[in-house]
Amino acid sequence: MHILVCVKQVPDTKIIKVDPKTNTLDRRGVPAILNPYDTHAVEEAVRLRARYGGKVSVLSMGPPQAVAAIKKCVEIGADEGYLISDRAFAGADTLATSYALSRAIYRIMKVEPIDLIICGKMAIDGDTGQVGPGIARRLDIPPLTGIKKVVEINKEKRRIIVHRKLEDGYEVLESSIPCLLTVEKEINEVSYSPLPNMIRAARYKPVVWTVDDLEDVDRSQLGLKGSPTIVGKMFTPPKPQGGKRLEGTADQQVEQLVNALLKEKRELFVQGGR
């Protein structure tokens with residue numbers, strides 16, 4: 001069984017800030033990391049390989065330094081990695097990204113068929129969750145989103161059973177394979193990488209393709225040209241202010257609370273009538 005995991009290198013959002021003058025992300029001095037959701041996707045692929053055999057490949061799109069993300073995947077346990085890197089991909093939104101990745105997947109499939117594609121639920125720098133389903137749509141395979149558990153893969157019947165996360169529980173889904181999963185963080189706990197994996201990752205050189213290495217590519221669907229999404233503004237939300245402390249006796253506190261609620265209700269009524 002051949003499992004392909006699509007991953008992304010992202011800025012560490014714990015450190016990144018928004019420039020108040022330009023309303024854009026200030027990436028200066030911010031380290032790049034493997035998208036956390038994708039880390040769990042790679043871990044799940046490695047665990048499925050242990051259960052069912054086969055191979056785990058990873059694919060990413062990004063600048064040359066995104067090789068580090070591929071190496072991290074190899075450290076987790078992936079067998080091989082591919083990076084598509086070209087100026088033609090720059091500025092891509094989710095639509096253009098899913099198109100570029102799908103063209104790379106078609107090339108990989110010509111060498112070896114793919115049984116399962118796994119993506120993280122979303123990238124922490126965009127939070128859209130659109131790339132995985134976009135890839136599935138372009139490949140014409142079923143997308144199963146928000147997966148928290150892979151119950152079973154029946155290779156003979158070409159079926160998969162998974163649990164999909166809901167707000168109040170989960171639902172059991174069965175699908176044909178090949179299909180695409182987007183996974184939640186709770187699907188697993190990422191294991192510590194063994195020393196042989198770390199050594200192999202340090203020495204590993206992934207396959208790097210430019211746009212010219214892909215077949216039947218419509219360049220009008222790549223990068224900024226193929227990206228209809230426009231970010232109008234970015235801003236940091238104001239920090240929440242502390243609550244007001246009620247003083248006095250119990251009756252006085254009740255009176256203060258009722259007055260505050262009535263005042264808020266009147267303000268909302270006035271605003272709604274404008």
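Analyst: We will go feature by feature. Keep in mind that this is a predicted model.

User: Start with salt bridges. What is the general idea, and how many salt bridges does the count come to?

Analyst: Side chains of opposite charge can pair when their charged atoms come close. Here the count comes to 15 salt bridges.

User: Which residue forms a salt bridge with Asp-79?

Analyst: Arg-49 does, with the closest N and O atoms 3.0 Å apart. The pair links distant parts of the chain, 30 residues apart. Asp-79 sits in the loop between H2 and strand S7, while Arg-49 belongs to helix H1. Asp-79 is partly exposed because its relative accessible area is 26%, between the 20% and 50% cut-offs. Arg-49, at 21%, is partly exposed too.

User: Where do Lys-72 and Glu-75 lie?

Analyst: Both lie in helix H2, three residues apart, about one turn of the helix. Lys-72 has a relative accessible area of 35%, so Lys-72 is partly exposed. Glu-75 is buried.

User: What parts of the chain does the pair of Glu-215 and Lys-110 link?

Analyst: First the contact: their side chains meet in a salt bridge at 3.0 Å, N to O. The pair links distant parts of the chain, 105 residues apart: Glu-215 is in the loop between strand S13 and helix H6, and Lys-110 is in helix H3. Glu-215 is partly exposed at 40% relative accessibility. Lys-110 reaches 59%, so Lys-110 counts as exposed. Salt bridges also join into a network, here linking Lys-55, Glu-80 and Glu-112.

User: Now helix packing. How do the axes of H2 and H5 cross?

Analyst: Read the approach, then the angle. The two axes come within 7 Å and cross at roughly 155°. Angles over 145 degrees count as roughly antiparallel, so H2 is roughly antiparallel to H5. The crossing is right-handed.

User: Which residues of H2 are buried?

Analyst: Ala-69, Ile-70, Cys-73, Val-74, Glu-75 and Ile-76 are. Just after H2, Gly-77 takes a positive phi of about 145°.

User: Last, the surface. Which residues make the nonpolar surface patch?

Analyst: Leu-195, Met-198 and Ile-199 make this patch of about 280 Å². Met-198 is found in helix H5. Its relative accessibility is 38%, so Met-198 counts as partly exposed.

User: What separates the C-alpha atoms of Arg-159 and Ser-176?

Analyst: A distance of 4.5 Å, although the two residues are 17 apart along the chain. Arg-159 is in strand S10. At 32% relative accessibility, Arg-159 counts as partly exposed.

Terms used:
Residues are numbered from 1 along each chain as its sequence is written. This is a predicted model: local features need pLDDT of at least 70, side-chain atom pairs count only at pLDDT 80 or more; totals for chains, interfaces and linings use all residues. Side-chain values use heavy atoms; hydrogens and water are left out. Patches are made of residues with over 30% relative accessible area and no salt bridge: like charges are joined within 9 Å, nonpolar side chains (Val, Leu, Ile, Met, Phe, Trp, Tyr) within 5 Å. Accessible areas come from the Shrake-Rupley method with a 1.4 Å probe; for residues, only the protein chains shown count as cover. A salt bridge is a side-chain nitrogen of Lys or Arg within 4 Å of a carboxyl oxygen of Asp or Glu. Helices (H or I, at least four residues) and strands (E, at least two) are DSSP runs, numbered from the N terminus. Buried means under 20% relative accessible area, exposed over 50%, partly exposed in between (1.4 Å probe, protein chains only). Axes are lines fitted to C-alpha atoms, for helices over the stretch in contact, and angles run from 0 to 180 degrees between N-to-C directions. Angles under 35 degrees count as roughly parallel, over 145 as roughly antiparallel, 65 to 115 as roughly perpendicular and the rest as oblique. A crossing is left-handed if the near helix is turned anticlockwise from the far one by less than a right angle, and right-handed if clockwise.
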